[in-house]
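The following questions and answers work through a predicted model, taking single residues and then the wider fold. Please look at the sequence and the structure before reading on.

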Amino acid sequence: MGDITNINGAEINPVWVVTGGSPCQDLSIAGKRAGLAGARSGLFMEQVRIVKEMRAEDKRNGRTGNMVRPRYLVWENVVGAFSSNRGRDFHAVLEEIARIAEPGFSLSGLPEKWKWTKAGAIDGDGWSIAWRTHDAKDWGKTIRDSRTGNVIRLGTPQHRRRISVVADFGGESAVQIQFDREGVSGPPAESGAAGERPAGAAESGASYAVRAIINMVVRRLTPMECERLQGFPDGWTDIGDWIKTDKRGREIKVKGSADSPRYKALGNSIALPFWDWMLRRMERYLPEDATLGSLFDGIAGFPLIWERIHGRGTARWASEIEPFPIAVTKKWFGEE
């Protein structure tokens with residue numbers, strides 16, 4: 001879809017869900033910590049604007065109640081969002097999302113000592129918002145132990161903590177989608193404190209470093225291993241030669257042999273297993289052919305999961321920032 005600042009939500013294809021992982025460099029503990037005032041993390045407000053415009057247009061076209069699109073907004077970011085600007089940035093995120101459904105909404109007060117709890121929810125008049133933190137290591141395949149009969153979860157092999165926010169503008173399903181009443185992974189009272197350590201090199205999108213351990217050397221992971229680390233299919237970022245556009249609008253062919261764009265893109269992408277679990281829980285509240293619009297999730301992780309659940313073609317549009325993620329998205333979700 002091109003530059004998000006030039007997208008008019010009233011003019012593009014309306015979708016049931018808009019997902020977003022607005023760039024985290026300004027919120028990450030490993031980043032500049034400029035907060036929502038930073039040029040990149042501030043793009044969150046563009047996501048809010050597009051959702052507002054799309055919903056207003058759907059209402060003008062006669063839709064009402066939980067049939068107004070998008071019904072859901074999904075936002076993912078680093079745990080540094082809890083402490084960014086002493087907790088005020090996450091306060092602003094929740095307030096701006098709530099104002100999509102209720103324009104005059106005001107979220108009074110900040111949490112004690114500006115520390116947001118790991119999980120929480122807000123309920124309004126016909127709308128709901130729920131947030132939680134998740135760690136990639138806790139989400140993945142489940143197997144049954146043949147000896148004991150116990151179910152064992154095999155998580156994604158990395159410690160990568162993120163915040164997920166789900167907003168339901170047409171009902172009170174946000175909590176039911178985000179949480180399993182029979183048991184939520186991790187301690188619910190845990191908070192994102194300002195001094196929390198970043199989740200390794202993947203936090204900043206940097207290459208995966210080589211470390212020395214008990215006279216042993218751990219080699220650098222290959223791009224394919226990094227794809228598996230995030231839950232992507234093998235070769236997802238191995239797209240061969242690709243095209244990028246320079247500042248003058250000229251198209252430049254880039255050789256596909258370089259691994260550095262793959263490492264960076266994978267480091268900035270979402271880890272898929274948690275979102276597969278969560279979006280399947282959302283499925284019960286949506287029509288069978290529900291559609292998705294994706295904003296800067298890196299390398300089309302949300303569309304990949306969405307089409308696994310709802311079928312090919314249901315991921316309708318995307319907007320990315322970096323040239324390589326744009327090329328990956330176009331590779332796997334060709335333009336009409």
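Q: Does S269 count as buried or exposed, and at what relative accessibility?
A: In this predicted model, S269 is found in the loop between helix 6 (260-268) and helix 7 (272-283). Leaving aside residues up to four places away in sequence, S269 touches R160, Q230, F232, D297 and I299. Buried means under 20% relative accessible area, and because S269 has 2% relative accessibility, S269 counts as buried.

Q: Which element gives the most residues to the largest nonpolar core?
A: The largest nonpolar core has 41 residues, and those with the most contacts inside it are V17, M278 and M282. The elements that give two or more residues to this core are strand 2 (72-78), helix 4 (174-178), helix 6, helix 7, helix 8 and helix 9. With six residues, the element that gives the most to this core is helix 7.

Q: Which residues does V17 touch, when residues up to four places away in sequence are not counted?
A: V17 is one of the residues with the most contacts inside the largest nonpolar core, and M282 is another of them. Not counting residues up to four places away in sequence, the residues that V17 touches are P70, Y72, V74, M282, L286, T291, L292, G293 and W306.

Q: How many residues are in the other core, which lies apart from the largest nonpolar core?
A: The largest nonpolar core has 41 residues. Apart from this core lies another, with V79, I122, W127 and F169 among its residues, and the number of residues in that other core is 36.

Q: What is the omega of the cis peptide bond that joins R69 and P70?
A: P70 lies in the loop between helix 1 (44-60) and strand 2, and P70 is also among the residues that V17 touches. Most peptide bonds are trans. The bond that joins R69 and P70 is cis, with an omega of about -10 degrees.

Q: What is the phi of F296, and what is the phi of A300?
A: F296 lies in the loop between strand 12 (292-295) and helix 8, and A300 lies in the loop between strand 12 and helix 8 as well. F296 counts as buried because its relative accessibility is 5%, and A300 counts as buried because its relative accessibility is 1%. Most residues other than glycine have a negative phi. Neither residue is a glycine, yet phi is positive in both, near 35 degrees for F296 and about 65 degrees for A300.

Q: Which element gives the largest share of the lining of the largest pocket?
A: About 630 Å³ of space lies in the largest pocket, and the elements that give two or more residues to its lining are helix 8 (301-310), strand 13 (315-319) and helix 9 (323-332). The 23 lining residues include R316, W317, A318, F333 and E335, which lie nearest the centre of the pocket, and the lining divides into nine nonpolar, six polar and eight charged residues. The largest share, five residues, comes from strand 13.

Q: What percentage of the contacts between residues at least 6 apart in sequence join residues at least 24 apart?
A: The protein chain has nine helices and 13 strands, and of its 336 residues 49% count as buried. Among contacts in the chain between residues at least 6 apart in sequence, the share that joins residues at least 24 apart is 70%.

Terms used
Residues are numbered from 1 along each chain as its sequence is written. This is a predicted model: local features need pLDDT of at least 70, side-chain atom pairs count only at pLDDT 80 or more; totals for chains, interfaces and linings use all residues. Side-chain values use heavy atoms; hydrogens and water are left out. Helices (H or I, at least four residues) and strands (E, at least two) are DSSP runs, numbered from the N terminus. Buried means under 20% relative accessible area, exposed over 50%, partly exposed in between (1.4 Å probe, protein chains only). Contact means heavy atoms within 4.5 Å. On a 1 Å grid over the protein atoms alone, a cavity is a set of points where a 1.4 Å probe fits but cannot get out, and a pocket is an open set with protein on both sides within 12 Å along at least five of seven lines; lining residues have an atom within 4 Å of a point. Grid points are joined across faces, edges and corners, and a volume is the space filled by probe spheres set on the points. Ala, Val, Leu, Ile, Met, Phe, Trp, Tyr, Cys and Pro count as nonpolar, Asp, Glu, Lys and Arg as charged, and the others, Gly among them, as polar. A nonpolar core is a set of buried Ala, Val, Leu, Ile, Met, Phe, Trp, Tyr and Cys residues joined through side-chain atoms within 4.5 Å.
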